[in-house]
Amino acid sequence: MPMRALLNKFISIFKIELQDLEEDINDLLEVQEKRKDSQEITNYVYMGNKGILLNEISAVRELLDSISTIDAYQYESVEAMIADVKRMLDQRIKDCAFPEVLHSLVQRKFEKVCTYVMGPENSQH
């Protein structure tokens with residue numbers, strides 16, 4: 001596969017993984033609402049959980065926006081782009097004080113895409 005196609009493939013798949021993460025968080029939000037409605041949790045607990053989940057959704061959307069600005073054609077290699085994307089993600093998460101759990105989830109998605117695109121033997125990021 002030509003390098004440019006591989007670079008674009010990486011970005012496209014990573015976007016899909018982040019969108020999947022956003023959907024998972026939205027599903028958690030729905031579960032919390034059902035738990036509140038069934039009085040399994042109090043409104044106070046629900047509002048606290050909802051605030052955290054909405055913050056995580058906002059953070060994932062910010063990361064998606066950042067990923068969308070990446071120009072795969074500026075990179076000489078897939079490895080260089082992956083290293084740059086990792087630095088950008090880590091900096092964005094730090095600058096915006098995203099929850100630690102979100103950093104862990106995004107890191108797992110990132111590693112999954114690296115393994116898929118680069119192969120398990122080349123994806124030690």
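Lys109 is buried in this predicted model, its relative accessible area being 12%, where buried stands for under 20% relative accessible area, exposed for over 50% and partly exposed for values in between, with a 1.4 Å probe and protein chains only. The residue belongs to helix H4, which covers residues 100-118; helices (H or I, at least four residues) and strands (E, at least two) are DSSP runs, numbered from the N terminus. The side chain of Lys109 is joined to that of Glu17 by a polar contact of 3.1 Å, a polar contact being a pair of N or O atoms within 3.5 Å of which, within protein, one must be able to donate a hydrogen and the other to accept it, while residues adjacent in sequence count only if both atoms are side-chain atoms. Apart from its neighbours within four places in sequence, Lys109 is in contact (heavy atoms within 4.5 Å) with Phe14, Glu17, Asp20 and Leu21.

Residues are numbered from 1 along each chain as its sequence is written, and side-chain values use heavy atoms, with hydrogens and water left out. As the model is predicted, local features need pLDDT of at least 70 and side-chain atom pairs count only at pLDDT 80 or more, whereas totals for chains, interfaces and linings use all residues.

Lys109 is one of the buried residues of H4, together with Leu102, Val106, Gln107, Phe110, Val113, Cys114, Val117 and Met118. Viewed down the axis of H4, these buried residues fall within an arc of 165 degrees, and they therefore line one face of the helix; the arc is that of the directions from the helix axis to the C-beta atoms. They pack against helix H1 (3-37), helix H2 (43-68) and helix H3 (78-95), while Glu100, Arg108 and Tyr116 are exposed on the other side of H4. H4 is followed by Gly119, which has a positive phi, near 95 degrees.

Helices H2 and H3 pack at an angle of about 145 degrees, with their axes 11 Å apart; the axes are lines fitted to C-alpha atoms, for helices over the stretch in contact, and angles run from 0 to 180 degrees between N-to-C directions. The contact is made by Glu62, Leu63, Ser66 and Ile67 of H2 and by Val85, Met88, Leu89, Arg92 and Ile93 of H3.

The chain has four helices and zero strands, and 36% of its 125 residues count as buried. Its C-alpha trace spans about 55 × 25 × 20 Å along the principal axes.
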